[in-house]
Amino acid sequence: MAAMYNTTMQDLVRNLLTELGEDPDREGLVRTPARVERALRFLTSGYSADLDEVLNNALFTVDYNEMVIVKDIDFYSLCEHHLLPFFGKCHVAYIPRTQVLGLSKIPRIVDVFARRLQIQERMTNQIAETIREKLNPLGVAVVCEGTHLCMSMRGVEKQNSFAVTSAMFGAFRDNARTRLEFLELVKLRGAAQSAGAAASLACVPD
Ligand SMILES: [Zn+2]
């Protein structure tokens with residue numbers, strides 16, 4: 001583990017602390033640069049994740065064409081505009097054509113894309129695209145509901161600090177009944193907002 005640390009990032013964090021008016025040598029902050037580096041490496045570990053390795057041995061051929069749904073997957077990500085967290089729940093559904101994916105792999109896919117500098121809209125699309133690409137299903141739907149600390153902590157546009165984003169392909173896009181069935185099953189917290197496609201705006205860069 002030690003090998004992954006470099007002094008460049010820790011120097012940057014020390015400089016940042018100084019710029020913020022802090023004394024990086026005071027007791028409580030001495031080890032902060034190393035902690036920040038460790039935290040950031042983990043929170044951005046999705047960049048180096050290998051999707052094929054994540055999905056390895058978890059694709060199964062089945063004769064099953066009903067909706068597969070995994071609800072309430074926790075995600076934690078960092079907004080790329082402010083480097084502040086946004087987090088919430090992700091709901092994923094697909095309709096198999098010939099293959100299914102081990103259920104535990106779906107949260108792993110979410111982590112791969114959440115652990116990067118992100119915007120919620122892109123993360124939602126990437127999760128859906130990956131399932132479409134790897135499984136070639138009859139349809140994919142992904143809905144993410146996130147709270148954006150860059151909005152709520154800074155007190156800007158409070159009403160938008162909770163955002164719902166969605167990505168739908170195949171049967172979920174083409175068939176209103178399939179889409180409704182999915183939305184009924186996930187019972188969104190922001191149900192009113194999610195009636196259409198992507199609803200409220202997530203982080204607004206300034
Ligand atoms: Zn932001």
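A: The chain holds 8 helices and 7 strands. The model is a predicted one. Of the 206 residues in the chain, 31% are buried. Among contacts between residues at least 6 apart in sequence, 73% join residues at least 24 apart.

Now to the core itself. In soluble globular proteins, nonpolar side chains tend to be buried together. Here the largest nonpolar core has 33 residues. Those with the most contacts inside this core are Cys90, Val92, Val110, Ile127, Val140, Ala141 and Val142. Both strands and helices supply it: the elements that give two or more residues are β2 (68-79), β3 (85-95), α4 (105-114), α5 (120-135), β6 (139-148), β7 (162-170), α7 (171-174) and α8 (176-186). The largest share, 6 residues, comes from α4.

If its neighbours within four places in sequence are left aside, Val142 is in contact with Cys90, Val92, Thr124, Ile127, Ala128, Ser166 and Ala167. Apart from this core there is a second, separate one of 6 residues, with Leu78, Phe86, Ile119 and Cys150 among them.

The axes of α4 and α5 are 9 Å apart, and the two helices pack at an angle of about 135 degrees. The crossing of α4 and α5 is right-handed. On the α4 side, Ile109, Val110, Phe113 and Ala114 take part, and they meet Met123, Gln126, Ile127 and Thr130 in α5. An α-helix has 3.6 residues a turn, so residues three or four places apart point the same way.

Helix α1 (residues 7-19) has 13 residues and spans 18 Å from its first C-alpha to its last, close to the 18 Å expected. Just after α1, Gly21 has a positive phi of about 90 degrees. The axes of α1 and helix α2 (residues 32-43) come within 8 Å and cross at roughly 120 degrees, which means that α1 is oblique to α2. This crossing of α1 and α2 is right-handed. The residues that make the contact are Met9, Gln10, Val13, Arg14 and Leu17 of α1, together with Thr32, Pro33, Ala34, Val36 and Glu37 of α2.

Some residues are exposed rather than buried. Phe42 is in helix α2, and Phe42 counts as exposed because it has 10 C-beta neighbours inside 10 Å. The C-alpha atoms of Phe42 and Arg116 are separated by 9.2 Å, although these residues are 74 residues apart along the chain.

Most residues other than glycine have a negative phi. Asp72, in strand β2, is not a glycine, yet has a positive phi of about 55 degrees. Asp72 is exposed because 12 other C-beta atoms lie within 10 Å, and 12 or fewer is the cut-off for that class. Leu83 is found in the loop between β2 and β3, and its phi is also positive, near 55 degrees. Leu83 has 11 other C-beta atoms within 10 Å, so it is exposed.

Note on methods: Residues numbered from 1 in each chain as written. Predicted model: local features only at pLDDT ≥ 70, side-chain atom pairs only at ≥ 80, totals over all residues. Helix = DSSP H or I, 4+ residues; strand = E, 2+ residues; numbered from the N terminus. Expected span 1.5 Å × (residues − 1). Core = buried A, V, L, I, M, F, W, Y, C linked by C-beta atoms within 7 Å. Buried ≥ 20, exposed ≤ 12 C-beta atoms within 10 Å, placed from the backbone. Contact = placed C-beta atoms within 7 Å. Axes fitted to C-alpha atoms, helices over the stretch in contact; angles between N-to-C directions. Parallel < 35°, antiparallel > 145°, perpendicular 65-115°, else oblique. Left-handed = near helix turned anticlockwise from the far one by under 90°.
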